[in-house]
Amino acid sequence: MSELKKELLRKSIHFSGIVYIPAYLYFGKELVTIGVALTLLFALIFEFFRLKYNLLSGIVREHEKERIGAYIYFGVAILFITLLFPMDAAFSAVLVTLLGDGLGGIVKRLPIKRAKNVATIVMVVVPFVASLPLLSPLPSFMACVSGAIVERVEKVGDYYLQDNLTVPVTAALVYHSVNYILP
């Protein structure tokens with residue numbers, strides 16, 4: 001399977017997380033927190049068996065074959081964000097991570113010149129436009145920009161950063177901070 005086809009399959013799973021927003025709006029913070037925690041628990045159990053029996057080896061990235069998958073980090077980040085941030089900051093984090101990072105990941109694998117630069121632009125523009133009906137424009141834009149910047153930082157010293165953790169937390173923190181500072 002080509003690298004682009006694998007990425008499209010991975011991202012179709014990735015994009016399913018967008019149900020977080022309507023679930024939050026319909027069920028509220030408490031039930032969504034329980035839902036995220038239960039989903040994360042199920043994912044952790046699945047991850048144990050995936051690693052033990054080499055499940056899904058056809059679609060996981062090479063560096064994830066023997067390490068914890070990105071979806072676990074995303075689940076931890078979203079649980080943390082749901083617990084600690086208000087709804088609008090949580091929505092910003094979800095949009096930046098799922099739409100921005102998700103589509104950016106696909107664009108990076110396209111056979112085009114400067115694919116990484118185009119992916120960074122996509123990571124800012126797409127979640128920002130999607131956020132306009134839901135969120136304040138300036139904090140949302142700042143969250144999108146900060147998420148795109150953090151996504152480009154792959155390593156600090158000898159430590160590799162997991163963008164599925166750093167991007168949503170940064171986006172939520174920046175959105176909430178800018179929204180708090182503005183009158």
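**Entry 1: the nonpolar patch**

I started with helix H2 (20–27) and helix H3 (29–53), and found that each supplies at least two residues of a nonpolar surface patch. I noted that helices here are DSSP runs of H or I with at least four residues, strands are runs of E with at least two, and both are numbered from the N terminus. I was looking at a predicted model, where local features need pLDDT of at least 70 and side-chain atom pairs count only at pLDDT 80 or more, while totals for chains, interfaces and linings use all residues. Residues are numbered from 1 along each chain as its sequence is written, and side-chain values use heavy atoms, leaving out hydrogens and water.

Which residues make the patch? I listed Tyr26, Phe27, Leu31, Ile34, Leu38, Leu41, Ile45, Phe48, Phe49, Tyr53 and Leu55, which together form about 1200 Å² of nonpolar surface. H3 gives the largest share, 8 residues. For the rule, I wrote down that patches are made of residues with over 30% relative accessible area and no salt bridge, with like charges joined within 9 Å and nonpolar side chains (Val, Leu, Ile, Met, Phe, Trp, Tyr) within 5 Å. The areas come from the Shrake-Rupley method with a 1.4 Å probe, and for residues only the protein chains shown count as cover.

I then picked out Phe48, a patch member that sits in helix H3. Phe48 is partly exposed at 49% relative accessible area.

**Entry 2: the salt bridges**

How many salt bridges does the structure hold? I found 3, a salt bridge being a side-chain nitrogen of Lys or Arg within 4 Å of a carboxyl oxygen of Asp or Glu.

I began with Arg50 and Glu47, whose side chains meet at 2.6 Å, N to O. Both residues lie in helix H3, 3 residues apart, or about one turn of the helix. Are they buried or exposed? Arg50 is buried, at 1% relative accessible area, and Glu47 is buried too, at 4%.

Next I turned to Lys108 and Glu151, with their closest N and O atoms 2.4 Å apart. Lys108 lies in helix H5 (residues 87–108) and Glu151 in helix H7 (residues 137–152), so this pair ties together parts that are 43 residues apart in sequence. Lys108 is partly exposed at 26%, whereas Glu151 counts as buried at 8% relative accessibility.

I found Lys116 partly exposed at 42% and Glu154 partly exposed at 47%.

**Entry 3: a positive phi**

I stopped at Arg114, in the loop between H5 and H6. Phi of Arg114 is near 55 degrees, a positive value in a residue other than glycine. Arg114 counts as exposed, at 64% relative accessibility.

**Entry 4: the aromatic rings**

I looked up the aromatic pairs and found 8. Rings of Phe, Tyr and Trp (its six-membered ring) pair if their centres lie within 6.5 Å; planes under 30 degrees apart are stacked, over 60 edge-to-face, and the rest tilted.

The rings of Tyr20 and Phe91 have centres 6.4 Å apart and planes at 80 degrees, so I logged the pair as edge-to-face. Tyr20 is in helix H2 and Phe91 in helix H5, so the pair ties together parts 71 residues apart in sequence. Tyr20 is buried at 7%, and Phe91 counts as buried at 2%.

Phe49 and Tyr53 have ring centres 6.2 Å apart and planes at 5 degrees, so I wrote them down as stacked. They are 4 residues apart in helix H3, about one helical turn. Phe49 is partly exposed at 37%. I also noted one aromatic cluster, formed by Tyr20, Tyr24 and Phe91.

**Entry 5: the surroundings of Ser140**

Finally, I visited Ser140 in helix H7, which is buried at 1% relative accessible area. What does Ser140 touch, leaving aside its neighbours within four places in sequence? I found Phe128, Ser131, Leu135 and Tyr175 in contact with Ser140, where contact means heavy atoms within 4.5 Å.

Definitions and conventions
Buried < 20%, exposed > 50% of the residue type's maximum accessible area, 1.4 Å probe, protein only.
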